[in-house]
There are 2 protein chains.
Amino acid sequence: MKALKIPEATIIRLSVYSRFLAQVKRRGVITISSGEIANGVGVSSAQVRKDLAYFGEFGTRGVGYNVGELYGHLMKILGLTSQWQVIIVGAGKLGSALTMYAGFAERGFKVVAVLDSDPRKIGQKLDSIEILPVSRLAEVAAANQSAIGIIAVPAEESQEVANTMVQAGIKAILNFSPRVLMVPEDIVIRNVDLSVNLEILSFYLGAQKR
Amino acid sequence: MKALKIPEATIIRLSVYSRFLAQVKRRGVITISSGEIANGVGVSSAQVRKDLAYFGEFGTRGVGYNVGELYGHLMKILGLTSQWQVIIVGAGKLGSALTMYAGFAERGFKVVAVLDSDPRKIGQKLDSIEILPVSRLAEVAAANQSAIGIIAVPAEESQEVANTMVQAGIKAILNFSPRVLMVPEDIVIRNVDLSVNLEILSFYLGAQKR
């Protein structure tokens, strides 16, 4: 379980590196230096080397990294060599956007079900996925226990949705509702608040004035 | 410019702490310990103290922090004591979701304009905001130079949108398109890929199996 000690910021950068390498690979490039990766994604080359060093030796000194090999390694580290199923609860604006977000499929995440509590939405389709009643969540989650659950419901409904997911055997949850959710320790959960991204900008803009 | 050296992970946690303190404040709590903050948001109390220490001394040893005061400090640090205007380019599913995302307004971000290139969308409304043609971006950005620009267009259009924003005087950009954008050094930019959040989960799920 050594991998669990890797800083989250490193995991995020590995994801960014892998995307950049995918681009480079499509252009037919064979080898690449840490400096070129660094320039491509906007970090220092020392950072690139440090991030990769967590997972052993990849490159050859003076030559650099084999693009295809490094890309393969990163995808394996990120758990992206197999497809992940995703269940989304909440078919509001955000849930719908997530369901139809092309970036998920590109990285191997396949939305297998979308559920909502609004009777007017049940039976409608998002791309080819029919919206199911949230009352069927326990059944859908039990049938897809290896799926990642995404919660995109209002704050007051999110804990109950999380409870149902956990009881049905879901092991990983991505929470977009603006509330910290309580889950058992063996569940991997990540709380996403979209305004955090704006706050990082406002922090830096404010710092420039300070 | 000391603030610029603060790790991004710390800024993200400050944002999380401030949200938690807002909740606690609404319940009428006067003082809180680092341990209680830590429990509330799921980090260690040492982490809370370390994050806050970047910005000076806040609490009283043995007593803890005054909730209202600490909340006020954090909001000031995050640049959230004044309102920020936001211009969104791209009124697809994601852009629409972002435009109507209640979490932005709660934290002082006000969407002042939404623009799109699709003639069928021009003139339609998202909440009370009319979608404008993207051809008016230079004009809208020039009239709101202190605004934060959000890019929610396909990858092949995003660099041009960023260029137009920068030329019109926009200083901060949040990029949701899956492409690394080139901007001058004095522009603050943050690239958001929603699938990164899923990849952090798949990393941990994969690590459990390793």
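Two strands are said to pair if DSSP finds at least two bridges between them, and strands (E, at least two residues), like helices (H or I, at least four), are DSSP runs numbered from the N terminus. The legends below apply these terms to a predicted model, in which local features need pLDDT of at least 70 and side-chain atom pairs count only at pLDDT 80 or more, while totals for chains, interfaces and linings use all residues. Residues are numbered from 1 along each chain as its sequence is written, and chains are lettered from A and ligands numbered from 1 in the order in which they are written.

View 1. In general, the strands of a sheet pair through backbone hydrogen bonds, either parallel or antiparallel. The antiparallel sense is found between β5(A) and strand β6 (residues 129–133) of chain A, which pair over 2 bridges, and here A:L126 stands opposite A:I129 in β6(A).

**View 2. Strand β7 of chain A and its two partners.** Strand β3 (residues 84–89) of chain A is joined to β7(A) by 4 bridges, and these strands run parallel; in this pairing A:V89 stands opposite A:I151. Strand β8 (residues 172–175) of chain A also runs parallel to β7(A), again with 4 bridges, and there A:I151 stands opposite A:N175. Between β7(A) and β8(A) the chain passes through helix α8 (residues 155–167) of chain A, and this β-α-β crossover is right-handed, a term used if, with the strands pointing away from the viewer, the path from the first strand over the helix to the second runs clockwise. From strand β7 (residues 148–151), A:I148 and A:I150 point one way and A:G149 and A:I151 the other way, and all are buried (20 or more other C-beta atoms lie within 10 Å of the residue's own; exposed is 12 or fewer, partly exposed in between, with C-beta atoms placed from the backbone).

View 3. Which residues of helix α3 (residues 45–53) of chain A are buried? They are A:V48, A:D51 and A:L52, and they cover an arc of only 95° around the axis, which puts them on the same side of α3(A); the arc is that of the directions from the helix axis to the C-beta atoms. The face turned away from the buried side of α3(A) carries the exposed residues A:A46 and A:A53. What covers the buried residues of α3(A) includes α1 (8–26) and α2 (34–41) of chain A.

**View 4. Strand β4 of chain B and residue B:V114.** Of the 8 residues of strand β4 (residues 109–116) of chain B, 6 are buried, so this strand is largely enclosed by the rest of the structure. Strand β3 (residues 84–89) of chain B pairs with β4(B) in the parallel sense over 6 bridges, and B:I88 stands opposite B:V114. Strand β6 (residues 129–133) of chain B runs parallel to β4(B) and is joined to it by 3 bridges, with B:L115 opposite B:L132. B:V114 itself is buried, with 28 other C-beta atoms within 10 Å. Leaving aside neighbours within four places in sequence, the residues in contact with B:V114 include B:I88, B:A91, B:G95 and B:L126, where contact means that the C-beta atoms, placed from the backbone, lie within 7 Å.

**View 5. The side of chain B that touches chain A.** Here 52 residues of chain B are in contact with 52 residues of chain A. The elements of chain B that give two or more residues to this side include α1 (8–26), β8 (172–175) and α9 (194–209), and α9(B) gives the most, with 14 residues. The residues of this side divide into 34 nonpolar, 10 polar and 8 charged; Ala, Val, Leu, Ile, Met, Phe, Trp, Tyr, Cys and Pro count as nonpolar, Asp, Glu, Lys and Arg as charged, and the others, Gly among them, as polar. For the complex, the predictor gives an ipTM of 0.86 and a pTM of 0.77.

Methods. Contact = placed C-beta atoms within 7 Å.
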